[in-house]
Structures are given as C-alpha cells and as structure tokens.
Amino acid sequence: HTAAGIDPPRIGKEAIRKWLTQYAAQSLEQLKNSRWRVLSYSESDTQLFVEGVEDNEMPNGTRVAIPYAGVYEFRDNLICGGRDYFDRGLSVRLKDGETVPDFVEQLNSRPAFGTRS
C-alpha cells in the first residue's frame, strides 16, 4: 500500500517496480528539494514502523510538508509488504498554495531520528 486507505495495494514485484519507476520520474521532475525526516521508529523481528515528515519544495516554490507513517514487513531480510499513511487532502491543499499549518511545522521542528537536540 503506497497510500493505505486512499489507493488499492500494488501486489507483486512488477506492480511495485512500475509504481516505483513512475514515482521516481514524477518526483525528479516535480521536486526541487525533498527532505524525508524520520522522527521516530519502532521495530520487531518482522516489522518496522516509522513516523516522520516529508518536506518538499515544488519547482514553483510551493512548499509541501506532509506528516506520514509507514509500516514495513520483512521476510528473510527482504521487504515483503508495506503500508504508508498520509493525508492526501492536506497534500492537495498545500500543492494548491495553502501555507503549511502550524501543527505540521511543530511536528517538523522535532529532532529527526539520529540527530541530537
């Protein structure tokens, strides 16, 4: 699930490869600066959970900062499943020029994983 709760899952290597290829091409064309920050994580033997903010600057200067969460499943040290969660409505509003809300700025100001405050 590249957008769990919004889009149906992509199942199989070919479906994932196609999506990753399209996403990479779109991202390279659309994003001037992109910063994915992991704010916290939790792991078990078979899963990794991450929380963070994806903060992008579009070529026209519009800033899009979206909180996200992701769950990734592993089998034999390979990713075998995953789900990403974010607010598409907020994403659309920010791309349309709305200012990043204060609550997102506050979340984004937290130290990223691996940094010290």
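Where does A69 lie? Hold that thought; the reply comes in point 4.

1. **What you're looking at.** This is a predicted model, in which local features need pLDDT of at least 70, side-chain atom pairs count only at pLDDT 80 or more, and totals for chains, interfaces and linings use all residues. Residues are numbered from 1 along each chain as its sequence is written, and side-chain values use heavy atoms, with hydrogens and water left out.

2. **The overall layout.** You'll find 3 helices and 4 strands in the protein chain, and along the sequence they come in the pattern α-β-β-β-β-α-α. Helices here are DSSP runs of H or I with at least four residues, strands are runs of E with at least two, and both are numbered from the N terminus. The C-alpha atoms fill a box of roughly 40 × 35 × 25 Å, taken along the principal axes. Two residues are in contact when they have heavy atoms within 4.5 Å. Among contacts between residues at least 6 apart in sequence, 46% join residues at least 24 apart.

3. The protein chain exposes about 8100 Å², and carbon and sulfur atoms supply 53% of that. Such areas come from the Shrake-Rupley method with a 1.4 Å probe, and for residues only the protein chains shown count as cover. Of the 117 residues, 27% count as buried. Buried means under 20% relative accessible area, exposed means over 50%, and partly exposed is in between (1.4 Å probe, protein chains only). As for charge, there are 15 positive and 17 negative side chains, and the centres of the two sets lie 3 Å apart. Lys and Arg count as positive, Asp and Glu as negative, while His and the chain ends are not counted. Each charge is placed at NZ of Lys, CZ of Arg, CG of Asp or CD of Glu.

4. **Strand β3, starting with A69.** Back to the opening: A69 lies in strand β3. A69 counts as buried because its relative accessibility is 18%. Not counting residues up to four places away in sequence, A69 touches F49, V50, E51, R83, D84 and Y85. A69 and A25 are 44 residues apart in sequence, and their C-alpha atoms are 23 Å apart in space.

5. **Y72, also worth a click.** Y72 has its place in strand β3 too. Buried or partly exposed? Y72 counts as partly exposed, because its relative accessibility is 21%. Leaving out residues up to four places away in sequence, Y72 touches T46, Q47, L48, V50, G81, G82 and D84. With D84 there is also a side-chain to side-chain polar contact of 2.6 Å. A polar contact is a pair of N or O atoms within 3.5 Å; within protein, one must be able to donate a hydrogen and the other to accept it, and residues adjacent in sequence count only if both atoms are side-chain atoms. Y72 and H1 are 71 residues apart along the chain, yet their C-alpha atoms are separated by 9.9 Å.

6. D76 counts as exposed because its relative accessibility is 69%. N77 is exposed as well, with a relative accessible area of 77%.

7. **The largest nonpolar core.** Which residues make up the largest nonpolar core? It has 11 residues in all: L39, V53, M58, V64, A65, I66, L90, L94, V100, V104 and L107. The elements giving two or more residues to this core are β3 (63-75), α2 (88-95) and α3 (102-108). β3 gives the most, with 3 residues. A nonpolar core is a set of buried Ala, Val, Leu, Ile, Met, Phe, Trp, Tyr and Cys residues joined through side-chain atoms within 4.5 Å. Take L39: leaving aside neighbours within four places in sequence, its contacts include V53 and L107, along with P111 and F113.

8. **Two buried asparagines.** N108 lies in helix α3 and counts as buried because its relative accessible area is 7%. The side chain of N108 makes a polar contact of 2.8 Å with the side chain of D55. Beyond four places in sequence, N108 is in contact with R35, R37, V53, D55 and R63. N56 has its place in strand β2 (residues 47-57), and at 6% relative accessibility N56 counts as buried. The side chains of N56 and S34 are joined by a polar contact of 2.6 Å.
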